[in-house]
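Thanks for coming, everyone. Let me put the structure up, and then we'll walk through it.

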Amino acid sequence: MDFSLTEEQQAFRDIVRRWVDAEAPKDWMRALEADEENYPYALWDKIAEQGFFGIGIPEEYDGLGGDVMMQMIFAREFARTAGGLLWVWGLTSFGGAKTIGAVGTEEQKNRWLRPMAQGKLRVSLSMTEPDGGTDVLGAMKTHAEKVEGGWKLNGAKMWTTGAKAADRLLVLARTDKTVEKKHHGLTMFFVDAKSPGITASLLPKLGMRAMGSCEVHYEDVFVPDEDVLGEPGQAWYAMLPTLNNERIMVGAQCLGAIDGVLEDALEYMLQRKAFGGIIGRFQILQHYVADIATWQKTTELLLNNVAWMQANGMPCGVEANMLKMVATENAVKAADLGIQILGGMGYSAETDMQRYWRDHRILRMTPISNEMVRNTIAESLGLPRSF
């Protein structure tokens, strides 16, 4: 078994790392994140200028090509400084390009993948219901009715990140209320975010700031037939191919955060002096960084294994859930210890430790709660469903 990167992957990683250090340093990311009410367009433009929105999009649609491994290499390296601002790239890459590539028609791929690859089309995911959370299907009240030439969409969504800056909203809605199972009768719409009847309100939050998570209301929003993704009523089956990628991307983001935490902790421990010498000589702090380094390695091995399975077309739903659970919990633990190592400076907005903690605490709950992840893992082992 060989979990090391290929020469091509290593070369790509090195390119991304140099770009991140030069164009997306931590101090700039910290300043962007603090400006909660304004979307970081300048960061978007830098990513677009370098062509990174094309990662994972086939060359025939103006992309750079590459599989999920290449996407995860980029996500890890970028998250080392960007933290939650990774999703400036990730929402369009995952929610847009991955979804269109999986279920879009040839006409839709030509219409949307090209501008995505060029950084000219921003996508936001509009899935979570106000009464939902993990039970997104059971709580689904957003609905759409067939009208001449398209559909009329009504309802509300929560935590639609980047909605105010989006060009397109990926919306899940119920189009058939007579079905026996809650995952039937759902349709996915790729909605023009500037359509009449859409209003978005910013939701202040602890972390993942500057991305602008919103509550979005849809009131008689007309969506033409050509903006339906996949077969009407079959959206759940259309979404399944993308779920593993979302969990893998979360894993990569968390690993990048752990990289950043360890990097900052070591630098501080080698410079900060107390009681007659550097604090890096204290055994308890050495134990902290040993724990962080171990969480880093275990997360890395699991990420590489799951991404490799996905890239090779192997079933990995359970493993992707395991990765999501382990990576999110390791990232939060690592950031918490990082704050402890830096002491008062770790709690200060002048450093990144507090940002790493804030940005990744939410990922223990989303896109699926770690409690629900544990339920599904247990069920995969033959135990009865607990919900």
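Start with phenylalanine 275. Its relative accessibility is 78%, so it counts as exposed. Here, exposed means over 50% relative accessible area, buried means under 20%, and partly exposed is in between, with a 1.4 Å probe and protein chains only. Phenylalanine 275 sits in the loop between strand S9 (273-274) and strand S10 (277-278). Its phi is positive, about 55°, although it is not a glycine. For context, most residues other than glycine have a negative phi, and most peptide bonds are trans.

A word on the source. This is a predicted model: local features need pLDDT of at least 70, side-chain atom pairs count only at pLDDT 80 or more, and totals for chains, interfaces and linings use all residues. Residues are numbered from 1 along each chain as its sequence is written, and side-chain values use heavy atoms, with hydrogens and water left out. Helices (H or I, at least four residues) and strands (E, at least two) are DSSP runs, numbered from the N terminus.

Next, methionine 208. It also has a positive phi, about 50°, and is not a glycine. Its place is the loop between strand S6 (198-202) and strand S7 (213-224). Buried or exposed? Methionine 208 is buried, at 12% relative accessible area.

Now a peptide bond. Threonine 366 and proline 367 are joined by a cis one, with omega about 0°. Proline 367 lies in the loop between helix H11 (353-361) and helix H12 (370-380).

On to the strands. S2 (residues 143-147) and S3 (residues 150-161) pair in the antiparallel sense over 5 bridges. Pairing takes at least two bridges found by DSSP. Lysine 146 has tryptophan 151 in S3 as its bridge partner. The two strands form a hairpin with 2 residues between them, and glycine 149 in the turn has a positive phi of about 80°.

Now the inside. A nonpolar core is a set of buried Ala, Val, Leu, Ile, Met, Phe, Trp, Tyr and Cys residues joined through side-chain atoms within 4.5 Å. The largest one has 98 residues. Which of them touch the most other members? Ile47, Phe78, Leu85, Trp89, Met116 and Ile292 do. Helix H7 (residues 235-271) gives the most to this core, 16 residues. Apart from it lies another core, of 18 residues, including Trp151 and Val223.

Last stop, phenylalanine 3. It lies in the segment before helix H1 (7-23). At 37% relative accessibility, phenylalanine 3 counts as partly exposed.
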